[in-house]
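Please report on the spaces and cores inside this model.

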Amino acid sequence: MTMRISVIGTGYLGAVHAVGMAELGYTVVGIDVDAEKVAALARGEAPFYEPGLDELLAKHAGTGRLTFTTDFAAAAGADVHFVCVGTPQRRDGLAADMRYVEAAVDSLAPHLDAACLVVGKSTVPVGTAVALADRLAKTAPVGAGAELAWNPEFLREGFAVEDTLHPDRLVFGVTSDDAERKLREVYAQTIADGTPVIVSDLPTAELVKVSANAFLATKISFINAMAEIAEVAGADVTKLADAIGHDARIGRKFLNAGIGFGGGCLPKDIRAFMARAGELGASHSLAFLAEIDAINLRRRQYVVDLTRDLVGGSVANRRIAVLGAAFKPHSDDVRDSPALNIAGQLHLQGARVSVYDPKATDNARKVFPTLPYADSAVEACRDASVVLHLTEWQEFRELDPAELAGIVETPVVVDGRNCLDADAWRAAGWTYRGLGRP
């Protein structure tokens, strides 16, 4: 008999995971309290942009093997339940808001009347799993027969489908051999394809994702700190990154200086990690993350200040083209987007900002409805005093600087991602400014 799986939460993580489980051959029901989101998924329409997701939704939505509902009773009888709800930053501090995880478990528990495995995939503060296991045992009809495990996700937006089907590792936080066997059964094909498995206790599994994100954030902020030094020393941070990246202990990936990281994971995860360390009496251990966060936020302000300097000291009534709104390419996610933050700051200072993004405009409008948005990169750049390249979409890399020079007021470009061809832009008559580059 085909294993039955429920996925609680059909946001970015849950929707992709539900579709991935269906692709692996399981019967899957996705459950969410957002009726509009559920209706879209049931129609085979992804409520967000993620390469490859629409195709897999269309493939499985009509087969009956993949369904979506707002009714938690639909989870009854499933062998494995994946909890995939969000853990945003609390509004009153740095800590993670655990209301949604707790609500998901509380809504699921009454329908667990037979032995099953509940698997957390959300990024949570260490110690959450033990508390949730106790919560399940007390509220599920089957009691301790509803066993809890933790299986953190490592999705990269823009590559989430690939990362679900072919992850670079699987982490199983378990308290019994039965739980490990069940997870190995779920991921049998993935494991057979060569994905390594790390089996651990619950706290270790919880720490893996936040530790990985903290390390990644540190690496990004490190090279941005080097960009700050390069600016005042007249050095080239891109050459510096190439040189130190050849050291196998360091590596070149994510040593790209620019306007910093954003999105729904790294910023809030490192803050929640600091908050949890403080709760555990170990705030000194993660004190360095405060500076990592500060460096990251400084990069946004630097671009705002640089833009103001390039137009003579004030952006008021100056037309500024902003290329990019998503926090990264191949995504329509604008959560904590450096690009949108910079656009918003300039707008508030009186600039006539025009924003264009290939995929994220609709989401950007919801966050900054007062910002003007363009339908194309060329439209955004028309009569601009400065062009800001802030999200590294391939479309922007392929722009013809000579053609663009003919429609702007002043050919000045700030490459906030250091990935445009500086020589080509300068040859076309542009004043090119990278970050940490001469």
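Helices (H or I, at least four residues) and strands (E, at least two) are DSSP runs, numbered from the N terminus. This is a predicted model: local features need pLDDT of at least 70, side-chain atom pairs count only at pLDDT 80 or more, and totals for chains, interfaces and linings use all residues. Residues are numbered from 1 along each chain as its sequence is written, and side-chain values use heavy atoms, with hydrogens and water left out.

**Pocket and cavity**

On a 1 Å grid over the protein atoms alone, a cavity is a set of points where a 1.4 Å probe fits but cannot get out; a pocket is an open set with protein on both sides within 12 Å along at least five of seven lines; lining residues have an atom within 4 Å of a point. Points are joined across faces, edges and corners, and a volume is the space filled by probe spheres set on the points.

The second largest pocket holds about 220 Å³. It has 15 lining residues; M98, E102, P125, T128 and R276 are the closest to its centre. α5 (128-139) and α11 (266-279) each supply at least two lining residues. The largest share, four residues, is from α5.

The whole structure has one cavity of 30 Å³ or more. Its lining includes A96, T123, P125, E206, D269 and R276. α9 (202-233) and α11 each give at least two residues to this lining, and α11 gives the most, four.

For the table, Ala, Val, Leu, Ile, Met, Phe, Trp, Tyr, Cys and Pro count as nonpolar, Asp, Glu, Lys and Arg as charged, and the others, Gly among them, as polar.

| Space | Volume | Lining by class |
|---|---|---|
| Second largest pocket | about 220 Å³ | eight nonpolar, two polar, five charged residues |
| Largest cavity | about 90 Å³ | eight nonpolar, one polar, three charged residues |

**Cores**

A nonpolar core is a set of buried Ala, Val, Leu, Ile, Met, Phe, Trp, Tyr and Cys residues joined through side-chain atoms within 4.5 Å. Buried means under 20% relative accessible area (1.4 Å probe, protein chains only). The largest core has 39 residues; I5, V28, F82 and V186 touch the most other members. Helix α1 (residues 12-23) contributes the most, eight residues. A second, separate core of 30 residues includes A104, A146, F154 and L202.

**E157**

E157 sits in the loop between β6 (146-150) and α6 (160-165). E157 counts as buried because its relative accessibility is 8%.

Key. Buried < 20%, exposed > 50% of the residue type's maximum accessible area, 1.4 Å probe, protein only.
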